[in-house]
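Here are my notes from a pass through this one, for when you have the viewer open. Skim them in any order.

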Amino acid sequence: EGRPVKPTRKRRIGVMGGTFDPIHHGHLVAASEAQSAFELDEVIFVPAAVQPFKAGREVTCAEHRYLMTVVATAANPTFSVSRVDIDRGGTTYTIDTLTDLFADRDEVEPYFITGADALARILEWKDADKLLEMAQFVGVTRPGHKLLDPSGGMGNVKLLEVPAMAISSTDCRERVRENKPVWYLVPDGVVQYIKKYGLYR
Ligand code: ATP
Ligand code: MG
């Protein structure tokens, strides 16, 4: 009767959370490698409003961080940027990010991508036990950090080795302040964006 039912798999959506102050090639390689390794249909970059572990630190206004993330991801048809955390405002908790993006979307299998440093603290995140059930977590290697599954194999954590990119936003900000180049550490458009708006001076 009717058309044969095509076997479907859930749509796999990667989420790359971060402060992106500024976004750099470490973030982009992490997302791209996770996308390829887990056959993600898309990856959504989600700039945080206020990162709980960065409270009290000076962070560039959300609009600049959002736009740099848009500039950096624009050429990749499977990358996009979400404003959910910025528009919600206040402290960003990943449990809220995933709820806002995927509540009532049973057809989606979410993959949350983190670097080794972020993954190491995941049990301190808000509602960690619930969070670990809400998505598949992908921890990627990052130079200077040990990549370990903090859930001890209990949670949905997968570890992935990616090409080593010894880049951090902190280092990029310092370089700009010291008049050193950030070419090839961040995408060209981000170099130009930083210059245009005089960020990090
Ligand atoms: P900052 O120095 O300001 O903390 P950052 O470079 O660590 O900036 P974040 O926005 O804090 O960048 O990181 C967002 C996510 O990207 C985190 O999960 C982090 O672990 C991951 N990440 C950042 N840089 C790298 C990198 N070079 N390689 C792999 N993962 C990275
Ligand atoms: Mg960081």
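**Notes on the model**

1. Start with α7 and its cover: α8 (188–196) is among what covers the buried residues of α7. Keep in mind that this is a predicted model.

2. Which residues of α7 are buried? In this helix, which runs over residues 169–177, they are Ser169, Cys172 and Val176. Looking down the axis of α7, you'll find its buried residues within an arc of 60°, so they line one face of the helix. Thr170 and Arg177, on the other side of α7, are exposed. Just after the helix comes Asn179, with a positive phi of about 60°.

3. Now the ligand. Ligand 1 is surrounded by 18 residues, and the closest are Gly18, Gly26, Gly115, Ser169 and Thr170. So α7 turns up here from both sides: Ser169 is one of its buried residues, Thr170 is exposed, and both are on the list of closest residues.

4. Where does the rest of that shell come from? α1 (25–37), β4 (108–115), α5 (116–120) and α7 each put in at least two residues. The largest share, three residues, is from α1.

5. The largest nonpolar core has 42 residues, and Tyr111 and Ile113 touch the most other members. Helix α2 (residues 62–73) gives the largest share of this core, five residues. Leaving out residues up to four places away in sequence, the contacts of Tyr111 are Arg12, Ile13, Gly14, Val15, Ala34, Phe38, Leu40, Ala135, Gln136 and Val138.

6. A few backbone spots to look at. Most residues other than glycine have a negative phi, and most peptide bonds are trans. Against that, Asp21 and Pro22 are joined by a cis peptide bond, with omega about 5°. Pro22 sits in the loop between β1 (11–18) and α1.

7. Asp104 is not a glycine, yet its phi is positive, near 65°. You'll find Asp104 in the loop between α4 (94–102) and β4.

8. With 17 other C-beta atoms within 10 Å, Tyr200 counts as partly exposed.

Conventions: Residues are numbered from 1 along each chain as its sequence is written. Chains are lettered from A and ligands numbered from 1 in the order in which they are written. This is a predicted model: local features need pLDDT of at least 70, side-chain atom pairs count only at pLDDT 80 or more; totals for chains, interfaces and linings use all residues. A residue is buried if 20 or more other C-beta atoms lie within 10 Å of its own, exposed if 12 or fewer, and partly exposed in between; C-beta atoms are placed from the backbone. Helices (H or I, at least four residues) and strands (E, at least two) are DSSP runs, numbered from the N terminus. The arc is that of the directions from the helix axis to the C-beta atoms. Two residues are in contact if their C-beta atoms, placed from the backbone, lie within 7 Å. A nonpolar core is a set of buried Ala, Val, Leu, Ile, Met, Phe, Trp, Tyr and Cys residues joined through C-beta atoms within 7 Å. A residue is near a molecule or strand if its C-beta atom, placed from the backbone, lies within 6 Å of it.
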